[in-house]
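Hi,

Here is the structure I promised to pass on. Have a look at it first, and then read my notes below.

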Amino acid sequence: MKLTDLCRLVFYFVRTRWLLRFSSRAELQGWQQKKIAAFLKQQLPLTPFYQQYADLTLQELPVIDKAVALEYFQQMNVANITLEQASAIALQSENSRNFSAELDGITVGLSSGTQGPRGVFLTSGKERAKWAGIMMARTLPADLLRSLIFRATPVKIAFFLRANSNLYTTLNSKRIHFKFYDLYKGVDVYLPELQAQSPTILVAPAHILSRLAELKLQGHLTISPQRVISVAEVLEPDDKSRIEAAFGLPVHQLYQCTEGFLAYTCELGVLHLNEEFVHIEPEWLDQEKTRFIPIITDFTRLTQKIIRYRLNDVLRVRDTPCPCGRASLALSAIEGRCDDILWWQQRDGHELEAVYPDMLRHAITMASISLPDYRIEQHGSELRIAIESGHVEMMNEMMDEMTTAITGLAERLGLLAPNFKSMTYVAGELSSKRRRIRCISRTDIRHIRHITEESIEVVHA
């Protein structure tokens, strides 16, 4: 790493860790508005797509999504990189499993592509150093930080993911040993290597952490990390319990995607939006304002503009403020994709209501069902359930417990219970994001009511 990039990393670490403190949410939002105004004034004229909007405020700018971002990819970055160029080098890296390639000094990466075309991100060397500083400030616990500074004891990071990136390896240094474990090769194949590394920080998707936890509980793995971090997918309640039981630690989370570093868990284990660097407009999904779709603006990212970008995720707000005192919004959960929302009939049979995946997870957990892995899919009026089990009688018993729990949920919501059907369990690839609950198709009812008056629309089945 260049000395200038190292200085930048240290600057953002110190600034994020100790200097960006706000006494109230109003103070944070006022500071944000000043930063956003300065960002737009400087950056909109420099970015081809936004030059026509150069005199507008943030609220006057168009809301975009992945399709628009890909269509106008070249016009939305200041490096004049085309989508074809970026995709070619990113795919070459994935095929070769060598993720060190750059395009004119710009790191290119791809999203996992679990939904539609794959997103593409660009980051410069300066942005990578800044990201590394912010990430370290958000994730290093106090005891590890003291050890790193005063004892010069290296922090060893084990990172399981489907693809590596120069963005992640920016963390590598004499005092931070970053090791990437390629999920395309599996998990068990790495056990001797992981054991030898004995990581102080373990980072992986939730279902991979759950697998490692299972191996530790069985005595096949003896690592004792000081922090365990779940990334890339929803942290399910059963996985969380298993991971915490195995490692004796709370599971932390990072909400990082192609569009930016959006949320992290504080020292108390509560998720917070990363609002010191990303502005998030909530598109509320209910009148009570408990769940929303985030529309994000990263006012620190310069190479590729992320401005009023509408994600396809559902976030749930925490009922009470976090005791840690941070002014940034606290979340109860990242529930999953909008396409994971199920739609069940009201009792009059004329309209559908949204049933969020977290409602099903909670109902299953509260019913004390001790399940292995499972899948739930809505196919019209059918709710198809698959359970991982090699024993037919045990699987039937678990299926009965699950359908009873879900029927009870429907009754509590005042909705008709769906028709249940079993389906064959098919394990997903370890390198793929796990999505346990999905809506493949809705019930064939002509009108679907969306809850908030501001977003009423009619969807024709």
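**What I found**

The largest share of the lining of the second largest pocket, four residues, comes from α9. Before going further, keep in mind that this is a predicted model. That pocket holds about 720 Å³ of space. Its lining counts 27 residues, and those nearest the centre are His-207, Asp-373, Arg-375, Tyr-425 and Arg-434. Besides α9 (206–217), both α10 (237–247) and β17 (374–379) supply at least two residues each. What classes do the lining residues of this pocket divide into? There are 15 charged residues, along with seven nonpolar and five polar ones.

Glu-214 and Arg-211 are three residues apart in helix α9, so about one helical turn separates them. Here is the background: an α-helix has 3.6 residues a turn, so residues three or four places apart point the same way. Glu-214 is partly exposed, with a relative accessible area of 33%, and Arg-211 is partly exposed too, at 26%.

The structure holds 29 salt bridges, and two others are worth a look. In one, the side chains of Arg-128 and Glu-102 meet at 3.1 Å, N to O. This pair links distant parts of the chain, 26 residues apart: Arg-128 sits in helix α5, and Glu-102 in the loop between α4 (83–96) and β1 (107–110). Is Arg-128 buried or exposed? Its relative accessibility is 11%, and buried means under 20%, so Arg-128 counts as buried. Glu-102, at 35%, counts as partly exposed. Arg-128 also has a neighbour from elsewhere in the chain: its C-alpha atom is 5.4 Å from that of Leu-167, although the two residues are 39 apart along the chain.

In the other, Arg-435 pairs with Asp-340, with the closest N and O atoms 2.7 Å apart. These two are 95 residues apart, with Arg-435 in the loop between β19 (419–422) and β20 (437–441) and Asp-340 in the loop between β14 (330–337) and β15 (342–345). Both Arg-435 and Asp-340 are buried.

Now for the cavities. How many cavities of 30 Å³ or more are there? The count comes to two. By class, the lining of the largest cavity has eight nonpolar, three polar and three charged residues.

The second largest cavity has about 30 Å³ of space. Residues lining it include Arg-138, Thr-139, Arg-227 and His-252. Strand β7 provides the largest share of that lining, three residues. Its classes are two nonpolar, four polar and two charged.

Two last things to find. Helix α11 (residues 357–366) is largely enclosed by the rest of the structure, because seven of its ten residues are buried. Among them are Pro-357, Met-359 and Leu-360. On the surface, Leu-3, Leu-6, Val-10, Val-14, Trp-18 and Leu-19 form a nonpolar patch with about 580 Å² of accessible area together. Trp-18 belongs to helix α1 (residues 3–19) and counts as partly exposed, at 46% relative accessibility.

Cheers

Methods. Residues are numbered from 1 along each chain as its sequence is written. This is a predicted model: local features need pLDDT of at least 70, side-chain atom pairs count only at pLDDT 80 or more; totals for chains, interfaces and linings use all residues. Side-chain values use heavy atoms; hydrogens and water are left out. On a 1 Å grid over the protein atoms alone, a cavity is a set of points where a 1.4 Å probe fits but cannot get out, and a pocket is an open set with protein on both sides within 12 Å along at least five of seven lines; lining residues have an atom within 4 Å of a point. Grid points are joined across faces, edges and corners, and a volume is the space filled by probe spheres set on the points. Ala, Val, Leu, Ile, Met, Phe, Trp, Tyr, Cys and Pro count as nonpolar, Asp, Glu, Lys and Arg as charged, and the others, Gly among them, as polar. Patches are made of residues with over 30% relative accessible area and no salt bridge: like charges are joined within 9 Å, nonpolar side chains (Val, Leu, Ile, Met, Phe, Trp, Tyr) within 5 Å. Accessible areas come from the Shrake-Rupley method with a 1.4 Å probe; for residues, only the protein chains shown count as cover. A salt bridge is a side-chain nitrogen of Lys or Arg within 4 Å of a carboxyl oxygen of Asp or Glu. Buried means under 20% relative accessible area, exposed over 50%, partly exposed in between (1.4 Å probe, protein chains only).
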